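Here is a short report on one protein model.

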Amino acid sequence: MRPTEAKDLPVPEKAPDPRTERPPSGRPRAADGRRSPGGRAQAPPDPHDRPGANRPDAVDAVDAVDAVDAVDAVDAVDGDVPAAVGRVLGALLAERVEQAAALDPVFGRDLAERVARCTVEGGKRMRSQFVWWALRACGGGAAQAEAALRVGAALELIQTCALVHDDVMDGSRLRRGRLALHADVTAQYAGSVSADRARRFGEAAAILAGDLALAWADDTVAAVEAPPGTARALRDLWSTMRTEMVAGQYLDLHGQATSSLSLARAVRAACLKSALYSVERPLALGAALAGADGARSAALCSAGRCVGIAFQLRDDLADVFGDPRRTGKPAGGDIRAGKPTYLVAVARGRAETTGDRRASAVLRHSLGRADLSESGLAEVRDVLEATGARDLVEAKIDRLVAQGMRHLDSAVLEPQARGRLRRLLHASAGTTPTSILSPSPSPSPSPSPGACGGEDGGLPFTLLLSAGADGVLR
């Protein structure tokens with residue numbers, strides 16, 4: 001759950017400051033109760049202000065203009081999805097921060113404002129973009145636009161929850177080049193209490209801040225207006241996704257505590273912790289909002305599963321080999337924490353298979369050492385390259401993405417939105433598409449659902465955990 005240069009896409013427009021942008025409510029409405037897809041109130045059309053309003057067909061003319069306005073609004077979101085989600089977040093968080101401050105000024109300042117700031121600043125809103133473009137690819141438009149943007153905003157909030165809690169569990173002081181929330185609270189109170197007490201208070205405050213972000217995310221999803229069947233599908237997917245996130249994070253911690261060497265466990269943790277929540281579930285949420293049929297939903301979910309695992313493998317590589325100026329965190333965090341990533345599991349397996357005692361010794365003595373020096377980390381990098389683990393993981397990423405694209409191309413989707421999804425999926429995995437917006441080939445027979453192709457050292461790289469578009473784990 002760490003941001004890397006591959007994990008997110010740039011945000012062209014700075015998000016609004018939730019402390020200064022305060023609309024009357026978190027759900028901006030015009031006088032007639034309508035809301036724009038970008039979250040801003042639209043003035044109701046006045047038939048008397050339009051040419052020819054006194055003609056018998058005046059009402060039809062007004063409806064036609066309204067339809068054109070709705071299309072224009074959706075086109076505007078298409079042009080900059082992150083900014084549109086940012087406007088919704090700005091309105092939503094302004095109301096939440098105001099309510100928190102009314103409960104208690106210290107709570108509002110120390111927790112609510114920090115949660116809002118973490119959510120609107122930094123990050124590239126990749127998950128909310130997956131929701132939007134899945135919606136558009138499945139034929140959704142103006143009727144579902146606001147719901148999609150609000151689900152996207154909820155995903156940004158649940159991402160804040162995940163990152164804040166993750167930093168506490170990993171003991172990471174930096175996030176996106178700044179102090180992590182728990183470290184920031186610790187620094188605020190460092191002069192008032194003992195160092196140990198300030199540290200413990202900062203960590204406890206961050207746990208509550210993550211809980212607050214999760215509560216706000218759930219509230220946002222619960223308030224989404226949709227037809228009964230769609231609302232039920234949305235709730236089921238959201239509920240499943242939250243449980244998957246917790247399960248994946250626990251497996252990550254369990255692997256650290258037990259020094260797991262299993263490739264299968266590493267893939268399973270990557271699937272639960274990142275692939276589902278970061279790519280597949282957002283795609284499924286967008287498809288559900290559009291009322292997509294089972295075939296399209298399944299194809300999108302399978303594409304998201306393959307690319308989502310590639311996304312986590314890329315993150316594992318970036319943690320060891322990435323530039324801290326781009327990742328926003330010191331290199332080697334996973335190594336120092338002793339995380340049993342797929343990258344490390346492959347290196348260990350290859351070292352043992354080839355009898356490379358030096359490589360095995362370096363990994364054994366370096367993993368889980370919080371005080372590992374830069375020279376020690378350099379040794380680990382050498383082992384990861386010398387054993388061929390780095391090259392193998394890079395090749396695995398390419399194969400996973402290629403398989404994901406075959407799933408994507410197997411479905412009947414809107415061509416322009418399909419192209420945008422291809423670009424977004426490639427960007428999330430840190431790969432380069434051979435064609436971005438060119439017409440897609442005719443739909444071909446879909447690969448077996450959930451398969452993400454290839455084997456490493458006898459381990460089939462099929463999905464170790466199967467989840468269908470209905471959100472049921474099996």
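## Basis and burial

Buried means under 20% relative accessible area, exposed over 50%, and partly exposed in between, with a 1.4 Å probe and protein chains only. By that cut-off, 54% of the protein's 474 residues are buried.

This is a predicted model: local features need pLDDT of at least 70, side-chain atom pairs count only at pLDDT 80 or more, and totals for chains, interfaces and linings use all residues. Numbering starts from 1 along each chain as its sequence is written, and side-chain values use heavy atoms, with hydrogens and water left out.

## Fold and contacts

The protein has 17 helices and four strands. These are DSSP runs numbered from the N terminus: helices are H or I with at least four residues, strands E with at least two.

Contact means heavy atoms within 4.5 Å. Take contacts between residues at least 6 apart in sequence: 77% join residues at least 24 apart.

## Arg 125

Arg 125 sits in the loop between helix H3 (105-120) and helix H4 (126-137). Its phi is positive, about 60 degrees, although Arg 125 is not a glycine. Most residues other than glycine have a negative phi. Arg 125 counts as buried because its relative accessibility is 2%.

## Nonpolar core

A nonpolar core is a set of buried Ala, Val, Leu, Ile, Met, Phe, Trp, Tyr and Cys residues joined through side-chain atoms within 4.5 Å. The largest one holds 116 residues; Trp 132, Trp 238 and Leu 300 touch the most other members. Helix H9 (residues 263-290) gives the most to this core, 16 residues.

Beyond neighbours within four places in sequence, Trp 132 contacts residues including Val 74, Asp 78 and Leu 149.
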